[in-house]
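Subject: Structure for your review

Dear colleague,

Please find below the structure that I am handing over to you. My notes on it follow directly after.

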Amino acid sequence: MTHHSHKKWLTFTAILTMSFGPIFLIGAYLPTADPARFTMEVLGWTFLDWEQSFDHRTTRFLSALAGGFLFGWGVTIWRLKDDVYDAAPDGVRKAVVTGFCIWFVTDGVASIASGHPSNAGFNLFFLLIGVGPMWRPVPTRAVQA
């Protein structure tokens, strides 16, 4: 991997993360909650039995919070790529990888505890594609005298 390819992957990771934001943000309003409900059906592995209910205000509120956090996290990754990566590539890489790993563990444990272990499997997929080649730093070249 190169410096340039890591930056491109950070763009992909930012877009992937941000893409879930609007889905859950519109889930805060009952008439537009179906995309969020569909996403929860898939992630909960319930295959469109519409077991996932957005009828309760607290569910819609949590959807709004999740959507805002996901969109904000994606924008943060994008800004780190644009504003910080060139000056501190390994620091940005470590921040993004660590953030994804913490999300993976906490979200996976909570998903299992809530009776949705299938989401932990989906999380593994998103961890692998979100972090991608960022697991490893860009090799530094030896300074030639």
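Predicted model: local features only at pLDDT ≥ 70, side-chain atom pairs only at ≥ 80, totals over all residues.

The buried residues of α4 are Val92, Arg93, Val96, Val97, Phe100, Gly108 and Ser111. The elements that cover these buried residues include α1, α3 and α5.

Past the end of this helix, two residues deserve a note. Serine 114 is located in the loop between α4 and α5. With a relative accessibility of 46%, serine 114 is classed as partly exposed, because that value falls between the limits of 20% and 50%. Its side chain reaches back to the backbone oxygen of serine 111 at 2.9 Å, and serine 111 is itself one of the buried residues of α4. Between serine 114 and proline 139, which are 25 residues apart along the chain, the C-alpha atoms are separated by 41 Å.

Helix packing

Helix α1 (residues 3-25) packs with helix α5 (residues 118-131) at an angle of about 145 degrees, and their axes lie 8 Å apart. On the α1 side, the contact is made by Trp9, Phe12, Thr13, Leu16 and Phe20; α5 contributes Phe126, Ile129, Gly130 and Val131. Sorted by class, this contact of α1 with α5 has seven nonpolar and two polar residues, and no charged ones.

Glutamine 52 sits in the loop that runs between α2 (34-43) and α3 (57-83). Is this glutamine buried or exposed? Glutamine 52 has a relative accessible area of 11%, and it is therefore buried, the limit being under 20%. Its side chain makes a polar contact of 3.4 Å with the side chain of histidine 116. Leaving aside residues up to four places away in sequence, glutamine 52 touches Arg37, Met40, Glu41, Thr46 and His116.

One of these contacts, arginine 37, also forms a salt bridge with aspartate 34, in which the closest N and O atoms are 3.4 Å apart. The two residues are three places apart in helix α2, so about one helical turn separates them. Arginine 37 is buried, at 13% relative accessibility, whereas aspartate 34 is partly exposed, at 43%.

Salt bridges

How many salt bridges does the structure hold? There are seven salt bridges, among them the bridge of arginine 37 with aspartate 34. In another, arginine 79 pairs with aspartate 83, the closest N and O atoms being 2.7 Å apart. Both of these residues belong to helix α3, four residues apart, or about one turn of the helix. Arginine 79 is partly exposed, with a relative accessible area of 40%.

Aspartate 82 forms a salt bridge with lysine 81, with the closest N and O atoms 2.6 Å apart. Here aspartate 82 is partly exposed, at 36% relative accessible area, while lysine 81 is buried, at 9%. Through salt bridges that share partners, Arg79, Lys81, Asp82 and Asp83 are joined into one network.

With kind regards

Key
Residues numbered from 1 in each chain as written. Heavy atoms only, no water. Buried < 20%, exposed > 50% of the residue type's maximum accessible area, 1.4 Å probe, protein only. Polar contact = N/O pair within 3.5 Å; in protein donor to acceptor, adjacent residues only side chain to side chain. Contact = heavy atoms within 4.5 Å. Salt bridge = Lys/Arg side-chain N within 4 Å of Asp/Glu carboxyl O. Axes fitted to C-alpha atoms, helices over the stretch in contact; angles between N-to-C directions. Nonpolar A, V, L, I, M, F, W, Y, C, P; charged D, E, K, R; others polar.
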